[in-house]
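Please look at the model below with its helices in view.

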Amino acid sequence: MLRLSPIVKMAENAAKRLKTDGSPVTIGTHNGHFHADEALAVHMLRQHVPTYAGAKLVRTRDPALLSTCHTVVDVSGEYDPAANRYDHHQRSFNTTFPGRPTKLSSAGLVYLHFGREIVARRLATAAAAATSAEDDPQVTLVYNKLYESFVEALDAQDNGIGAYDPAALAAAGLEKRFSDGGFTLGAMVGRLNPNWNDPAPASGGAEAQQAAEDARFELASRRIGEEFDRDLDYLAGAWLPAREVVAEAFARGGDADAEGGRIMVLRGQAVPWKDHLYTLEEAGGSAGRVLYVLYPEKPAPDAKWRVQCVPLSKDSFQSRRPLPEAWRGFRDEKLDEITGIPGGVFVHAAGFIGGNKTFEGALAMAKKALED
């Protein structure tokens, strides 16, 4: 039986504690420069938790106004789920997501308390079911994955936590080779704030200026919400169903085609396999075993096949065993001549992927690469 930690049980019960008189509730957050964490927190509540459907938003730092709000995020200096207060700026705050080291922001807090409900509702929709239990193992898988792949980065950025230990980077003498152009979720939201020299509204004074700022925040909340929803939809609708496909392919590691488990074949069609492969290897005590994954380019009898090298990690550009250097950068007949295997399509210049016109050819390429 799945047992939940006290903090998860507390988070799970958040929705059950919500009480309203049936009228739209009010969410409070701070005005001024806005950030990705409260923009996402507001989106998650409004779009995924029925109690907050149609919720009014108040952006202020006035304690008197905030005290009238049903729920307050990212301001007030209080973290009290029973009172619907979700701030993380107080000195004593050190709450993290279960199993993760990153201190939460308002996005992480709202996700901690409402994320299981959000995921369960989405999985129920995907399965055309009326409900999905929040302690279901599949809900837990997606709940944890969505935090690690999306929400945690916002928590870290808002709390000034870098992806790498700066002392370790300095000791290793590592420097960035190029600018990433600010292509992060936080930067995306940050660019929607007013510029310092944008003209103020021609009339209406402070009230009009606040309204203009609030409109920008609403845009930011919708924008980051779109990305959150896409990630949720992908994990529920594509990533999770792929787990069974990969597990079946991984279990065939003893087949003659698998070369002792070093080659994994996705026979029906390509699916997102990296996360699931690493998890299955770790669970089976065979980390690093699979070196090549074979899959058809499309689910059709005449589809070409790919030979992809398993990366050292999901986001790594380095492979456990790249395709032979002598094959790299060649195509078609020239590739056939070099490999001695007919039907070659290409091998990438970096050696992490190649292709053949048939499954038999792709398998032969993978087996020969193991001998190199």
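Helix H3 (residues 36-48) packs against H6 at an angle of about 140 degrees, and their axes are 9 Å apart. Helices here are DSSP runs of H or I with at least four residues, as strands are runs of E with at least two, numbered from the N terminus; axes are lines fitted to C-alpha atoms, for helices over the stretch in contact, and angles run from 0 to 180 degrees between N-to-C directions. H3 is therefore oblique to H6, given that angles under 35 degrees count as roughly parallel, over 145 as roughly antiparallel, 65 to 115 as roughly perpendicular and the rest as oblique. On the H3 side the contact (heavy atoms within 4.5 Å) is made by Ala 36, Asp 37 and Leu 40, and on the H6 side by Phe 150, Val 151, Leu 154 and Asp 158. By class, this contact of H3 with H6 has 5 nonpolar, no polar and 2 charged residues; Ala, Val, Leu, Ile, Met, Phe, Trp, Tyr, Cys and Pro count as nonpolar, Asp, Glu, Lys and Arg as charged, and the others, Gly among them, as polar.

The model is predicted: local features need pLDDT of at least 70, side-chain atom pairs count only at pLDDT 80 or more, and totals for chains, interfaces and linings use all residues. Residues are numbered from 1 along each chain as its sequence is written, and side-chain values use heavy atoms, with hydrogens and water left out.

Helix H5 (residues 106-126) also packs with H6 (residues 137-158), at an angle of about 140 degrees and with the axes 9 Å apart. That makes H5 oblique to H6. Residues of H5 in this contact include Gly 108, Tyr 111, Leu 112 and Gly 115, and those of H6 include Val 139, Tyr 143, Leu 146 and Val 151. The contact of H5 with H6 divides into 12 nonpolar, 4 polar and 2 charged residues.

Glu 152 is also in helix H6. With 7% relative accessibility, Glu 152 counts as buried (under 20% relative accessible area, with exposed over 50% and partly exposed in between, for a 1.4 Å probe and protein chains only). Not counting residues up to four places away in sequence, Glu 152 touches Arg 100, Pro 101, Thr 102 and Tyr 147.

Elsewhere, Lys 274 lies in helix H10 (residues 274-283). Lys 274 is partly exposed, at a relative accessible area of 24%. Its contacts, leaving aside neighbours within four places in sequence, are Gln 308, Pro 311 and Lys 314. Lys 274 and Pro 311 are 37 residues apart in sequence and 8.4 Å apart in space, C-alpha to C-alpha.
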